[in-house]
Amino acid sequence: MMISWKRVNAILQKDFKDFSRNLAVSSVIFVPIILGAFYGRMGVESIETHFLLINMTFAMVAAFVQCCLIAEEKEKNTLRGLMLSPASTADILGGKSLLTFIMTMVVVFFTAFLAEYKPANIAIITLAVILSSFFYIALGTMLGLYSKSVLEASVIVMPVIIVFSLGSFITLVVEKYPILQVVTYLPNIQLIDLATKVEAGAGFGDVLVEFAIILGWVIAAVILTVIIFRKRMVD
Amino acid sequence: MENIIEVSSLAKVFGNQTAIESVDFRVKKGEIFGFLGPSGSGKTTTIKILTGQLTPTSGTAKVFGESVSQLKNSEYRKRFGVLTDNSGLYGRLSIYDNLKLYCDLYDVPLSKIDEVLDAVNLKQEKSKKVSTLSKGMTQRVTLARALIHEPELLFLDEPTSALDPTNSLHIHDGLRALNEKGTTIFLTTHDMQEAETLCDRVAFLNNGKIQLLDTPDKLRKSYSDSTITVELTNEEKVILPAGSEGANQLFNYMNTNQVVTIHSNELTLGEIFVQVTGRKLA
Ligand SMILES: Nc1ncnc2c1ncn2[C@@H]1O[C@H](COP(=O)(O)OP(=O)(O)O)[C@@H](O)[C@H]1O
Ligand SMILES: [Mg+2]
């Protein structure tokens, strides 16, 4: 599949202008940052809490914002215009994801900075955060493509926010009910496991399994998104 | 002449609702083709099939000699433009920013923006936010967007439905100029006046079928009786039959300076439509 940076950039620029004037959605990005500052003042010790914030950023910025952006393009029938243009699936999905990706990275950075999270190995954590964000952006895109309006999208995305933000609480429940063991393979739990190992001095080689599982989620989510998108091109 | 659109036995069924059944027509390269029908007759459905947005239930549709399923290819997408009734513009952005996006997507220089805005009479308004525009202005922006890349083939779904007469005329001039430069236009409308002044050929669509297809001129001729109406100085209107009897009467009226106006009794396209389909447009 061909990707045209000119087209991706055109969509990014358009999205940036549009998003900055869409206060209802854009104000969401401040929630994790404010919480980060709040936790920073209280003094956060545990990795779980740091990643509660980071996973919440994924859910609220990467998934929720992306879902709303896509749903709005659907609702206003502008997605149709993009689909009828020479832009390829990769151009449209790439262009539509880039703004969300940049915002997610900026918000994760500020939130972690304010909460005073200092990873033992910044390279591994950065890579894991970038990889994880791809999963949430794809998830948001999928849900956005499913919903008919922004309102519907914001309802559909709620369970996702809850499940993925509250990763550490899920682990507690899982300990009680072993049948829920599969839940520990979710990318948010894997990210916490990875970060815990890194804090205990693990190197790249020690967290390959966690990386592989997250990567698996990313690949599955991207493939599904492309399939749904292609289906949406024809009524 | 080369056909740019070829449709045969085209049908589309939504659940148990038949939108179009067995539609056949060809559009020649370079013509303005009018697809006329009351609302619900299947005009939009046909455009959606022809632009690859909808898969037909049966039959074939070819554009540029290729099956419409091939239109996903970006090279084909550059060759046609579409205006549909639901605008698809970004409301928070200015007219200019909306068109800029499309320039970039279609590889068109930004200098085209002023040119197309001129054509739709909106050059002064380009920094206005789209959400603040009237319905008619929005429709004109959508039209500007559809023709910004100078497509070979333009699909217009009721392009002037929200416009006042002055702007409609301006748009008609623009479309004619575009057509003279080589753009083939497929236009749906329920405005018979528009079809009459703009189209080289028209198809009458009713209940998902084409009832009649010809040039407006031929249609008018074949549906007209050959009588003429003469208005006299005493405000009387007389209908004169064809042949020597009518000719003699006309001679007498003219000879005695009684004639104010003479009208041929051609039907308008709208009247022909009613006669053929038994129903009114719009
Ligand atoms: N997505 C759809 N689902 C169900 N019925 C539809 C759909 N689109 C169009 N129709 C039906 O098909 C018929 C033709 O519609 P349309 O092509 O929009 O007509 P027009 O554009 O001439 O007004 C109408 O009866 C309409 O209700
Ligand atoms: Mg219609």
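Helices (H or I, at least four residues) and strands (E, at least two) are DSSP runs, numbered from the N terminus. The model described here is predicted, so that local features need pLDDT of at least 70 and side-chain atom pairs count only at pLDDT 80 or more, while totals for chains, interfaces and linings use all residues. Residues are numbered from 1 along each chain as its sequence is written, chains are lettered from A and ligands numbered from 1 in the order in which they are written, and side-chain values use heavy atoms, with hydrogens and water left out.

In chain B, the UniProt annotation "domain: ABC transporter", from an unreviewed entry, covers residues 5–232. UniProt positions are given in the numbering used here, feature names are shortened, and annotations may be inferred rather than shown by experiment. The span of residues 5–232 of chain B is 32% helix and 29% strand, and its end C-alpha atoms lie 49 Å apart. The domain assignment divides chain B into domain 1 (3–220) and domain 2 (225–265); such bounds come from an automatic or database domain assignment. Between the C-alpha centres of domain 1 and domain 2 of chain B the distance is 43 Å.

An open sheet of chain B contains 4 strands in the order β2-β1-β4-β5, with antiparallel pairing. At its edges stand β2 and β5 (66–67) of chain B, each with a single partner strand, so one side of each is left without a neighbour in the sheet. Two strands are taken to pair if DSSP finds at least two bridges between them. Strands of a sheet pair through backbone hydrogen bonds, either parallel or antiparallel.

Strand β1 (residues 3–14) of chain B is joined to strand β2 (residues 17–28) of chain B by 8 bridges. Within this antiparallel pair, B:F14 is opposite B:Q17 of β2(B). The hairpin of β1(B) and β2(B) has 2 residues between the strands, and B:G15 takes a positive phi near 60° there. Strand β1(B) is also joined, by 5 bridges, to the antiparallel strand β4 (residues 58–63) of chain B. In this pairing B:S8 has B:T60 of β4(B) as its bridge partner, and B:V7 is opposite B:A61 of β4(B).

Between β4(B) and β5(B), which run antiparallel, there are 2 bridges. Here B:V63 faces B:E66 of β5(B) as its opposite residue, and B:K62 stands opposite B:S67 of β5(B). A hairpin with 2 residues between the strands is formed by β4(B) and β5(B), and B:F64 in the turn has a positive phi of about 55°.

Ligand 1 is surrounded by residues of chain B, including B:F14, B:Q17, B:P38, B:K43 and B:T45; a residue is near a molecule if one of its heavy atoms lies within 4 Å of it. The shell around ligand 1 consists of 3 nonpolar, 7 polar and 1 charged residues, where Ala, Val, Leu, Ile, Met, Phe, Trp, Tyr, Cys and Pro count as nonpolar, Asp, Glu, Lys and Arg as charged, and the others, Gly among them, as polar. Both β2 and α1 (43–50) of chain B supply at least two residues each to this shell, and α1(B) gives the most, with 3 residues.

An oxygen atom of ligand 1 lies 2.6 Å from a backbone N or O atom of B:G40. For B:S41, a polar backbone atom is 3.2 Å from an oxygen atom of ligand 1, whereas B:T44 places a polar side-chain atom 2.7 Å from an oxygen atom of ligand 1. Of the 560 Å² of accessible area that ligand 1 has on its own, the protein covers 60%; accessible areas come from the Shrake-Rupley method with a 1.4 Å probe.

Notes:
A polar contact is a pair of N or O atoms within 3.5 Å; within protein, one must be able to donate a hydrogen and the other to accept it, and residues adjacent in sequence count only if both atoms are side-chain atoms.
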